[in-house]
Amino acid sequence: MEWWVTLSGGLAILVVLFLTGAPIFLAFLVVILGGILVTLGDAGFGMFANSLFQTASTSSLATVPLFVLLGEILFRSGSMDVVLDAVDKLVGRVRGRQYVLSISLSTVFGMLSGSGIAVAAMLGRSLLPVMEQRGYDRRLSTGTLLAGAMLAPIIPPSIIVIIVGTLADVSIASLLIAGILPGLLMAALYLSATLVAVRLKPSLAPADEDAGRQTLGDVVRAVASLMPFTIIIFMVMGLIILGIATPSESAATGVVGALLTAAYYRRLNWKMLYRSVAEAAVITSMIMIIMASSVMFSQLLAFTGATRALMETTTTLGLPPWAMLALMLGLPFVLYMFIDQLGLMLIIIPIYDPLLKVLGFDPVWFWMLFLINMTLGAITPPFGYIIFAIKGAAQHLSMNEIFSASWLFVGLTLIAMVLIAVFPGIATFLPSLT
Amino acid sequence: MRVLKFLARFHDALSDFGFVLGVAALGGIVAVYSYEIAVRYFLNAPTKWATETVQNLLVFVIFMVVPHVTRLGSHISVTILPDFVPVLRTPLKYFTIVAGACMCFFAAWISLGENIRQIQFVIFTEANYPIPKWWMSIAITYGFAGAGLYFLRQADWTGTLRPRSWVAPNVHVAELPTQ
């Protein structure tokens with residue numbers, strides 16, 4: 001059978017199975033077990049069992065449950081409320097300060113949790129009602145929350161980065177650190193655009209919002225209350241950058257830091273702890289069963305000769321690198337609007353990974369762009385998990401309102417991606433220091 | 001029917017046990033890595049067993065919890081068709097049940113074959129402190145078999161075999177696999 005028939009046939013079956021609503025891991029099992037029976041026969045069963053075991057026992061993937069647990073402890077203990085209060089005090093008396101608060105908080109939450117859904121759900125419940133009550137534009141308010149929540153999977157700690165790094169065989173530490181500057185750049189873009197919008201159209205924010213004048217003591221107390229969280233960020237990122245701990249080990253120390261923080265604020269108890277660990281175990285199982293079930297997809301591609309043929313075809317295409325980059329990011333951009341990020345990512349990475357070597361792209365730079373592109377799918381209509389998280393947290397918003405709120409920030413994110421594509425140093429500078 | 005109901009409750013209890021074991025394994029990962037960093041940097045005495053222990057515990061976190069996730073109907077899925085074409089919901093639900101049960105049992109059967117081979121040939125893990133490989137890989141067989149049974153139980157329209165959990169009583173146990 002021709003390689004392109006095998007490849008396109010396999011992909012088509014996967015996408016159709018995804019759309020039926022069957023769990024994604026099942027779709028992979030159908031295609032992979034079917035593929036094994038067709039290409040390898042019984043002899044492939046042992047390989048399948050071994051690929052499941054090897055994936056499930058990859059030590060770098062232990063970072064996934066630990067990052068999830070870190071966020072769960074901070075959210076469930078209510079420690080994040082302390083961050084909310086402190087950042088609220090630190091944002092000055094600027095017109096549109098709730099927008100600034102929304103984006104700043106999302107950035108800080110992103111540094112403490114890798115879950116965009118958690119950030120969207122928390123701010124959608126706590127901050128959005130306040131913004132509406134104070135007369136802020138509902139659409140722009142929703143947009144800042146959507147965009148802010150999108151930062152969580154990009155700024156470390158990030159669960160998705162661990163999966164991308166493991167599958168693409170790129171240094172996870174480098175990929176984690178690479179997310180810092182792009183994340184901050186995106187936050188700065190969102191903030192600037194929002195403030196410009198308020199300046200151009202003052203009705204977007206109330207003129208005389210009572211922010212309360214903060215004394216120097218208030219500011220010092222706010223900064224002091226953020227210190228335990230700064231320590232958590234250091235435990236996660238600092239230990240990696242200094243080369244003291246691997247990402248998995250630093251994630252474990254981050255969990256310990258989160259426990260100490262919850263204890264410091266007298267919010268640590270057995271019930272909260274059990275629920276946090278239990279939820280983290282469930283989320284881990286949900287994510288990792290897909291990964292374990294899908295890993296053999298890349299091996300099957302290699303066995304059928306599709307990987308080698310795809311590389312040869314790419315070489316003979318003769319397209320300039322920028323066109324290939326646009327193609328490799330444009331296709332998933334469209335697909336991510338409709339298909340689950342994790343499932344699609346697990347299909348695309350084994351196909352793209354060998355192409356990067358042919359095209360000579362820096363893997364950290366490319367996968368960071370890919371990651372942002374993928375995360376963008378979470379706020380791009382019609383299907384995006386952050387969109388649904390905001391809808392879940394703020395039931396009174398219509399889907400149309402949320403969709404229209406997202407477009408400005410989709411555009412800004414595309415601008416950020418172009419900047420990172422043109423100036424690779426934004427993604428590669430920090431990893432080059434380690 | 002009483003026998004089936006008893007077996008269903010036994011399956012639920014077993015899934016609860018697996019779930020608690022998975023949760024404990026996650027706690028174990030935090031403890032082992034924290035200990036490793038502490039002894040490495042404060043006592044300059046790194047362990048030889050931390051990484052391999054975490055690898056083994058991770059297998060348990062993932063696969064011992066899979067039946068519980070299936071019981072909750074919490075597997076990640078794309079629900080475009082069921083959401084937008086309501087008439088397809090029931091056929092797609094039964095498709096998922098059949099595909100889920102068949103694929104999970106098939107995967108469990110393959111994994112069981114590998115477990116038996118590992119026992120017969122006395123295969124150990126490649127580690128500083130090797131242990132029989134099947135001690136961990138049996139979790140994969142358990143995970144797929146338990147999940148397959150939950151898919152199968154979703155076909156019970158009478159509600160007699162409706163999943164139940166004693167360790168997570170507040171969680172909603174889904175009836176539809178696509179929820």
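**A tour of helices, ring pairs and confidence**

The model is predicted: local features need pLDDT of at least 70 and side-chain atom pairs count only at pLDDT 80 or more, while totals for chains, interfaces and linings use all residues. Residues are numbered from 1 along each chain as its sequence is written, chains are lettered from A and ligands numbered from 1 in the order in which they are written, and side-chain values use heavy atoms, leaving out hydrogens and water.

Select residues 134–153 of chain B to display H6. Helices here are DSSP runs of H or I with at least four residues, numbered from the N terminus, as are strands (E, at least two). From first C-alpha to last, H6(B) reaches 28 Å, close to the expected 28 Å, which is 1.5 Å times one less than the number of residues.

Next, move to chain A and select helix H12, residues 216–241. A bend of about 40° occurs at Met227(A), and Pro228(A) follows within four residues; the bend is the angle between axes fitted to the seven residues ending there and the seven starting there. After H12(A) comes Gly243(A), with a positive phi near 75°.

Now turn to the rings. Over all chains there are 20 aromatic pairs, meaning rings of Phe, Tyr and Trp (its six-membered ring) with centres within 6.5 Å; planes under 30 degrees apart are stacked, over 60 edge-to-face, the rest tilted. Select Tyr264(A) and Tyr265(A): their centres are 4.9 Å apart and their planes at 80°, so this pair is edge-to-face. Tyr264(A) is exposed at 59% relative accessible area, whereas Tyr265(A) is buried at 18%.

Continue to Phe366(A) and Phe370(A), a stacked pair with 6.3 Å between centres and 25° between planes. Both lie in helix H19 (residues 363–376) of chain A, 4 residues apart, about one turn. Phe366(A) is buried at 0%, and Phe370(A) is buried at 0%.

Finally, colour chain B by pLDDT, the predictor's confidence in each residue from 0 to 100. The chain averages 89, and 94% of residues score at least 70. Among its elements, helix H4 (residues 80–84) has the lowest mean, 80, and H6(B) the highest, 96. Over residues 171–179 of chain B the pLDDT is below 50, although this stretch has 25 contacts (heavy atoms within 4.5 Å) beyond near neighbours in sequence. Where pLDDT is low, predicted coordinates should not be read in detail.

Key:
Buried means under 20% relative accessible area, exposed over 50%, partly exposed in between (1.4 Å probe, protein chains only).
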